[in-house]
Amino acid sequence: MNHAYGPVPRKEDARLLRGQGTFIDDIALPGMLHGAILRSPLAHARIVSVDVSAALAHPMVVAAFTGADLAERGMAWMPTVFGDVQAVLATDKVRFQGQEVAFVVATDRYAARDALELIAVDYEPLPPLIDALTALDPGAPVVREDLPGGNRVFDWSAGDKAATDAAFAAADVVVGCDMIYPRSHPAPLETCGAIAEYDTTGGRLTLHATSQAPHAHRTMYAAITGLPEHKIRVVSPDLGGGFGAKVPIYPGYLCAIAAAMVTGRPVKWVEDRSESLMSTTFARDYHMHGEIAATADGTILALRARVLADHGAFNAAAQPSKFPAGFFHIFTGSYQLRAAHCEVTGVFTNKAPGGVAYSCSFRITEAVYLVERLTDMLARELGMDPAELRMRNLLRPEQFPYTGPTGWEYDSGDYPRALRLALDMAGYDELRREQAERRARGEYMGIGLSFFTEGVGAGPRGQMDILGLAMTDGADLRVHPTGKAVLAVSVQTQGQGHETTFAQLVAHELGLSPDDVDVVHGDTDRTPFGLGTYGSRSTPVSGAAAVVAARRVRERARLVAAAMFEVAPDDLEWLDGKWRVRGDPDQAFGIAEIAKAAHSPLELPAGVEGHLDASAVYNPPNLTFPFGAYICVTDVDPGTGEVTVRRFIAVDDCGVRINPMIVEGQVHRGLADGIGIALMQAIVFDDTGNCLAGSFMDYLLPTSLECPSPELGETVTPSPHHPVGAKGIGESATVGSPAAVVNSVVDALAPFGVVHADMPLTPANVWRAIQGRPVRTDLAIS
Amino acid sequence: MKISVTVNGTDHQRDVEPRLLLIHFLRDELRLTGAHWGCDTSNCGACVVWLDETPVKSCTVLAVMADGHRVTTIEGLARGGVLDPVQDAFAACHGLQCGFCTPGMIMTARWLLDHNPDPSAAEIREAISGQVCRCTGYENIVRSVLRAAGHDGNDGNDGGASG
C-alpha cells in the first residue's frame with residue numbers, strides 16, 4: 001500500500017499563493033548593483049572597436065567592460081554544456097543578433113539601461129549565414145573561424161543502413177516527406193537572471209541564479225573563473241518555469257560574476273523578454289527528410305531519416321555528450337520494425353545557440369513528430385484508418401523489454417491498451433462518422449492521432465554524461481530525534497512540485513506523513529552533487545536516490561528496533577509503516593520512536609554508531625520509457641485558415657504515479673505546449689538574421705482561449721528497474737502532442753489534397769496549404 | 001516627482017522618476033515582490049495588480065499615474081492571515097505550478113468573481129485571456145476559479161479515465 005502517495009496538495013503553494021515566493025528578481029542584497037548587456041544589432045559582423053568611456057562617465061555607472069577586458073581575466077570565452085566554447089562578450093566578431101558585446105554596472109536598473117546607449121561599437125558587417133540548408137555550400141559565410149570544420153558541427157548516424165535499404169527495396173509501399181520542425185523557444189514566464197556576490201576576503205563566490213542544474217554549473221564556474229570549487233556556492237531560488245531554458249549557463253551570469261569580482265559588490269543581472277527570446281537557448285530547428293516502408297497490408301517494415309540540424313553560432317546543446325543529435329535515434333517510435341537508420345548533420349549558422357530545450361527529452365520530440373507524421377501519411381497512402389494502422393504495428397506487451405533497431409531497450413509497456421483507451425474515450429468511430437457528415441456539408445473537421453514512446457531519466461553513468469560529469473544524482477536523508485526528516489536532493493524544481501512529490505516518496509518508505517518530510521534543493525552548499533532537472537530525470541534518477549536513501553534509513557531503523565525489542569533483526573518485519581515483531585504485530589515501533597532511540601544512550605548493535613541518517617547516489621540502469629496515445633480533434637475554417645482545437649484526449653502511462661494531481665498538471669502543460677508549437681510559436685528570422693520573434697507580441701503563446709479542456713486517461717505499467725516503478729512525465733505531452741495537432745489539421749484538410757503542412761499552422765499557413773502553396777515557416781506572425 | 005499611493009491600505013509617499021513603472025515601484029521601492037515582471041509588452045499579465053478596483057498590467061502603468069490612487073497587490077488579498085477563497089481554490093485544484101503567473105491570475109480571478117459571482121468556464125477563460133501561464137495549460141486555473149465560485153471545480157468534463 002502506498003499510503004503517502006496520492007493527490008496531496010503541494011507544499012510549495014503556501015508561499016507562492018501569497019506572493020511570497022523568492023524568484024531571482026525578488027532578491028535584493030545590501031549594496032547591490034544592476035548590470036545590463038549591450039547586444040549586437042547585427043547577425044554577423046567583425047568588431048572593429050568597442051568604446052565604453054562615455055558609459056563610464058555616467059554618474060550612476062560603477063563599471064563597464066568589454067570582451068577585451070574579460071580576456072585579460074581569461075573569461076572572454078566559456079565552455080558550453082556540449083563542450084564547445086561560446087563568447088561571454090564578443091572579442092573578434094559577433095555571430096548572431098543579440099550576442100553579448102559589453103556589460104555595464106550601475107546603481108539602478110534604469111541607469112544601467114541608459115548607459116548602454118552611451119557605448120560606441122564600430123561593426124564591419126559580414127554576410128550572414130541564415131539558411132541552414134546552405135551552410136555546407138562552397139562559399140557559404142564561415143561562422144566559426146576558430147574551429148577546423150567550417151560550418152559543419154558533426155555528422156552522426158545510428159542504425160543499420162544496409163538492412164534498412166534492403167527492407168525499403170523489398171517494400172510494397174514507400175512514403176517520404178520533407179518536414180521542418182521550426183525553431184521555438186521555451187519561454188518560461190520568468191526570464192534568466194543572476195546575482196553574484198564575491199567575498200574578496202575569503203575568496204568565496206555565491207551565485208544566485210536561475211539554474212536547473214546548480215551542481216553542474218558550479219563545476220563549470222570553477223573551470224571558467226579559476227576559483228576552487230569549494231569556494232563557489234550556487235543557489236537556485238524559486239524558478240518561474242524553465243523547460244530547458246535554465247540548463248545552460250549564459251554570458252550574463254559570467255558578466256555578473258566578473259562585475260562582482262571587480263566591484264566587490266553584489267551585482268544583479270536579469271534579462272528582459274527580448275533578450276531571452278533572442279539569445280537564450282532555442283529548441284528544435286530540425287530540417288528532416290523521413291521515409292517509411294511497409295507492405296501492402298499495412299505492416300511497417302523500416303524507417304529512415306536524414307536530418308539537417310541548425311545549431312546556431314555555438315554548439316550549446318544541453319544533452320549527454322555521446323549523443324550529438326540527442327536521442328533522435330529513438331525515431332523508430334512505438335512500432336515493430338525490421339530495420340531503421342538515421343543520419344544527422346549539424347551546422348553552424350548566424351543565430352542564437354542552443355537546440356536542446358523546451359521539454360524535448362533530448363530531441364525525442366522531433367523524432368516522435370517525424371514518425372507520427374509518416375505513419376499518418378502511410379495510412380493515407382494505403383487507404384487505412386490511422387488508428388488501425390497504428391494498432392496493427394504497435395509493440396505487443398509480451399515483447400518487453402524490447403530492443404529497437406537503433407539500440408534502445410524499452411523497459412516496459414502495454415501500448416495497445418493505451419491506444420484502445422484513448423479511442424474509447426474519444427468515441428473514435430462516432431467522431432469519424434461526424435467527420436464524414438460534416439465533410440458532406442463542406443465543414444472541415446480533423447481527427448489526429450499520435451502514439452509516442454519517450455525515453456527519460458538520463459542516465460546510466462557509463463553511457464551518459466555532461467562535460468564528463470556522469471548523470472548520477474545524490475540524496476541525503478536526515479531523520480531528527482523526533483522522527484521528522486529532511487531530504488536534500490540535487491535536482492531543482494521549476495514548478496513540478498518536488499517539495500511535495502519527494503516528501504511523499506520518503507514518507508511512504510518510512511511510514512511518515514509527507515508533512516513530516518521537508519525537501520531541500522537548489523543550494524549547492526546544502527545538497528549532494530547531481531546533474532539537475534531536465535529530460536524528465538528528477539523522479540527517475542533523483543527520486544530513485546531518495547527512495548534508496550530512505551530504504552537505507554529503514555534498514556538502520558530495523559537494527560535499532562531489534563535492539564529495542566531485544567530480538568534479532570530477522571525477527572522483525574516492515575508492515576504498515578512500522579517494524580513489527582513477526583507473529584506479534586502489535587509489538588511495533590515506528591520511525592519516530594526508533595529515531596528517538598537511535599539518538600538515545602541505548603546500546604546499539606554493531607554497525608549502527610547512532611542516528612538513522614543515510615545517503616545514496618543513484619546510477620540508473622536504463623532510461624525509463626513512458627508512453628501515451630493522444631487524439632486531437634480540430635475544426636478548420638477554410639475561409640480564414642483558423643484552427644480551433646475542439647478536444648484533446650491524452651492517455652499517458654508514466655508507470656506508478658506518486659502524486660496524480662501533479663502528474664496531470666504536467667500533462668496539461670505539455671498539451672498547451674503542443675498546441676502552441678503546432679499552431680503559433682516559432683522563432684523566425686529575416687534573411688539578414690534579424691529575429692522577428694523578439695517579443696510576446698511576435699512570439700505567440702497559447703492563451704486560455706486556444707487551449708481546450710483536456711480529457712486525460714491513464715494506464716499504469718510500472719518500470720521494472722525504478723525502485724518504485726515510476727517513470728518520468730514532465731515532457732511526455734510536449735513530446736507527443738504536436739504530431740497529434742498537425743495530424744488533425746492535415747486530416748481536416750484532406751479534402752483539399754493536403755498530405756503535409758509544416759508548423760506553425762497559423763491561419764496564413766493553413767490558408768496557403770489549402771491553396772496548394774508551400775507553408776512558410778516565417779509566416780509565424782499573422 | 002512626488003507621489004502618494006495607498007498600497008494594500010498603507011499610504012506611501014515617494015519621490016520617483018517620472019518614467020518609473022508601477023511594477024518597479026511596487027517591487028523595488030516598496031519591496032512588494034508578489035507581482036512579477038514578465039514581458040514588457042502587456043502580453044503576459046504576470047504584473048497584474050488593481051489600480052483602485054480595476055486590474056491593470058503594472059508594467060505598462062507609470063508609478064506617477066497611481067498618484068492619489070489605491071493599489072491592491074497579491075500581498076493585500078488575504079485578510080487577517082486568512083487566505084481569499086480564490087487562493088484556497090488554486091491550491092485545492094492545482095491551479096499553479098511554478099507560481100510566477102499566479103499572483104496576476106488570482107487578482108484577475110478575484111475581480112471577476114466580485115463582478116460576476118457565478119461565471120461559466122467560458123467567461124473565466126475570457127477573463128484570463130490577456131494573461132499567460134506556461135505551466136497549467138489554464139485548465140486547472142479555470143477549475144480553481146469555478147471552485148472559488150462555489151462549483152466543484154470541473155471544467156465540463158469528468159476529469160479522467162483509466163484502463
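Let's start with a sheet in chain A. Four strands form an open sheet, in the order β26-β25-β24-β30. The pairing is mixed. Keep in mind that this is a predicted model.

Which strands stand at the edges? They are β26, residues 517-520, and β30, residues 614-618, of chain A. Each has a single partner strand, so one side of each is left without a neighbour in the sheet. From one strand to the next, the twist averages 20 degrees.

A quick reminder on pairing. Strands of a sheet pair through backbone hydrogen bonds, either parallel or antiparallel.

Now look at one pair here. Strand β24 (residues 473-479) and strand β25 (residues 485-489) of chain A run in the antiparallel sense, paired over 5 bridges. Find A:L477 on your screen. Opposite it, in β25(A), stands A:L487.

A helix lies on this sheet too. Helix α13 of chain A, residues 498-510, packs there and touches β24, β25 and β26 of chain A. The direction of α13 makes about 135 degrees with that of β26(A).

Next, the domains of chain A. The assignment gives three entries. Domain 1 covers 22-126 + 191-238 + 246-279. Domain 2 covers 282-458 + 622-780. Domain 3 covers 472-618. Taken over C-alpha atoms, the centres of domain 2 and domain 3 of chain A are separated by 39 Å. How many residues does each give to the contact? Domain 2 of chain A gives 20 residues, and domain 3 of chain A gives 17 residues. On the side of domain 2 that touches domain 3, we have 10 nonpolar, 8 polar and 2 charged residues.

Stay in chain A for a helix pair. Helix α9 (residues 364-382) and helix α17 (residues 732-748) of chain A have axes that come within 8 Å. They cross at roughly 30 degrees. Angles under 35 degrees count as roughly parallel, and that makes α9(A) roughly parallel to α17(A). The crossing of α9(A) and α17(A) is right-handed.

Who makes this contact? From α9(A), the residues include A:I364, A:V368 and A:Y369. From α17(A), they include A:P738, A:A739 and A:V742. By class, the contact of α9(A) with α17(A) has 8 nonpolar, 4 polar and 3 charged residues.

Over to chain B. Its domain assignment gives domain 1, residues 2-76, and domain 2, residues 85-148. Their C-alpha centres lie 21 Å apart. In the contact, 13 residues of domain 1 of chain B meet 11 residues of domain 2 of chain B. Which strand gives the most to the domain 1 side? Strand β3 of chain B, residues 48-51, does, with 3 residues. That side of domain 1 has 9 nonpolar, 4 polar and no charged residues.

Chain B has an open sheet as well. Five strands stand in the order β2-β1-β5-β3-β4, with mixed pairing. The edge strands are β2 (10-15) and β4 (54-57) of chain B, and each pairs on one side only. Neighbouring strands are turned by 35 degrees against each other on average, direction ignored.

Take one pair from that sheet. Strand β1 of chain B, residues 2-7, runs antiparallel to β2(B), and 6 bridges join them. One place to look is B:V5, whose bridge partner in β2(B) is B:H12. Helix α3(B) packs on the sheet, touching β3 and β4 of chain B. The direction of α3(B) makes about 40 degrees with that of β3(B).

Now two helices of chain B. α2(B) and α5(B) pack at an angle of about 135 degrees, and their axes are 8 Å apart. They are therefore oblique to each other. α2(B) passes α5(B) in a right-handed crossing. Among the residues in contact are B:V86, B:A89 and B:F90 of α2(B), and B:V145 and B:R147 of α5(B). The classes are 7 nonpolar, 1 polar and 1 charged.

Last stop: the two chains together. Their contact takes 51 residues from chain A and 48 residues from chain B. On the chain B side, α2 (85-92), α3 (102-115), α5 (139-148) and β6 (161-162) each give two or more residues. Which of these elements gives the most? α2(B) does, with 4 residues. The chain B side divides into 20 nonpolar, 21 polar and 7 charged residues.

How values were computed:
Residues are numbered from 1 along each chain as its sequence is written. Chains are lettered from A and ligands numbered from 1 in the order in which they are written. This is a predicted model: local features need pLDDT of at least 70, side-chain atom pairs count only at pLDDT 80 or more; totals for chains, interfaces and linings use all residues. Two residues are in contact if their C-beta atoms, placed from the backbone, lie within 7 Å. Ala, Val, Leu, Ile, Met, Phe, Trp, Tyr, Cys and Pro count as nonpolar, Asp, Glu, Lys and Arg as charged, and the others, Gly among them, as polar. Domain bounds come from an automatic or database domain assignment. Two strands pair if DSSP finds at least two bridges between them. Axes are lines fitted to C-alpha atoms, for helices over the stretch in contact, and angles run from 0 to 180 degrees between N-to-C directions. Angles under 35 degrees count as roughly parallel, over 145 as roughly antiparallel, 65 to 115 as roughly perpendicular and the rest as oblique. A crossing is left-handed if the near helix is turned anticlockwise from the far one by less than a right angle, and right-handed if clockwise.
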